[in-house]
Amino acid sequence: MNKCIALAKQGLGNTYPNPLVGSVVVYNGQVIGSGWHQKSGEAHAEVLAIRSVSDRSLLADSTLYVNLEPCSHHGKTPPCTDLIVQSGIRHVVIGMQDPFEKVNGRGIQKLRHAGVRVDVGIEVAACRELNKRFVTTIEKQRPYIIIKWAETADGFLAPKTKRTNEPVWISNLLSRTLAHQWRAEEQSILIGKQTALDDNPALTTRLHKGPSPIRLLIDPKEEVDRKAKVFNPDQKVIVFTANKSRTEDHIQYVAIDFSANGLQQILKALFQKGIQSMIVEGGSITLQHFIDSRLWDEARVITGQEKFGKGITAPNTTSFSAKPNATTALEGDVLKQWVNHQAL
């Protein structure tokens, strides 16, 4: 099962809205086939694993392992359960049941009705962690939320004043490259209008190979100029506005009533659009809203070596546990990560 999970991780950032799935075929204690789901609309992990077996006569005496219950419905591809049964495999080991309503036990039932022995519930915690974005979206009907920022050694996000609307780098190149890797892993990235006005960020993955996330902008009065980098046409953009909903080229404007729990409305809109994860990169006010609303699943805070003396204060994290879940040294910078088990 750990092999399945390791394979599945290779699809992170590329399979949305599908979950991460890896599969291996084992004969007499040896892996004879493997595969992982690489992109939505393409073959599923079980299909690739079975196809990769060179000696098909071994399948009847083999066991197929997969971290998530095989699908039993017609989507962009045929049901994996049908192929498993047709292949002659008689034993399937599943990490966890798929909570998606069109599956949710039906795949297991279909296999068992066909005479296949099915074992379920292997490394369940690790399987849930792997697909935390997919599971959170189904169970909480909102995206998985990662809040992230870099702060100076004396606790500031940015200097008080700047001469240009460009970022002032607090973290080093290693930290910034890691942050771009994180962007490639998530489906969307969100900033508030002040960050767009002050820093004019591109919100791309230019320092790391991988897809750039859908860009989300909270801009009630639509103050950010359409020439800003956030509106570059290389990726879809969603603007949350107090004005009317509409679509202009690659930009979708979504109307929000900011006088009545705007964050919840934004998350509902993202859920309805099938967005499973988002990384919130600022600014301070936007990040604090998520923290105070308990609407975050992970926090990633990079502390650089610079000191500003004065400036825009980093978010208040007194509600976080005193000890982070992980602390990592990054060539002088320090990354602290928290997991929020009380997230709403």
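Predicted model: local features only at pLDDT ≥ 70, side-chain atom pairs only at ≥ 80, totals over all residues.

Q: Fine. How many residues line the largest pocket, and which lie nearest its centre?

A: The lining has 50 residues, and Thr195, Asp199, Glu281, Gly282 and Gly283 lie nearest the centre.

Q: And how much space lies in it?

A: About 1300 Å³ for the largest pocket.

Q: Which elements give two or more residues to that lining?

A: The strands are β6 (144–151), β7 (156–158) and β8 (188–192). The helices are α7 (173–185), α8 (193–199), α9 (262–272) and α10 (284–292). The largest share comes from α10, with 6 residues.

Q: How does the lining divide into nonpolar, polar and charged?

A: For the largest pocket it's 25 nonpolar, 14 polar and 11 charged.

Q: OK, what about the second largest pocket: how much space, and which residues lie nearest the centre?

A: About 760 Å³. It is lined by 34 residues, and Pro17, Asn18, Pro19, Phe100 and Phe134 lie nearest the centre. By class, that lining has 14 nonpolar, 13 polar and 7 charged residues.

Q: Which helix gives the most to it?

A: That's α6, with 3 residues. Both α2 (45–51) and α6 (132–140) supply at least two.

Q: Where does the second largest pocket lie relative to the domains?

A: Between them, because domain 1 (1–134) and domain 2 (142–339) both give residues to its lining.

Q: How far apart are the C-alpha centres of the two domains, and how many residues are in contact?

A: The centres of domain 1 and domain 2 lie 34 Å apart. As for contacts, 9 residues of domain 1 touch 10 residues of domain 2.

Q: Switching topic: which residues are buried in helix α4?

A: In α4 (residues 106–113), Gly107, Ile108 and Leu111 are buried. Looking down the axis of α4, the buried residues fall within an arc of 100°, so they line one face of the helix.

Q: What covers them?

A: The cover includes α3 (80–87), β4 (91–96) and β5 (117–120).

Q: And which glycine follows α4?

A: Glycine 115, and its phi is positive, near 90°.

Key
Residues numbered from 1 in each chain as written. Heavy atoms only, no water. Buried < 20%, exposed > 50% of the residue type's maximum accessible area, 1.4 Å probe, protein only. Helix = DSSP H or I, 4+ residues; strand = E, 2+ residues; numbered from the N terminus. Arc of directions from axis to C-beta. Contact = heavy atoms within 4.5 Å. 1 Å grid on protein atoms, 1.4 Å probe; cavity = no way out; pocket = protein on both sides within 12 Å on 5 of 7 lines; lining within 4 Å. Points joined across faces, edges and corners; volume = space filled by probe spheres on them. Nonpolar A, V, L, I, M, F, W, Y, C, P; charged D, E, K, R; others polar. Domains from an automatic or database assignment.
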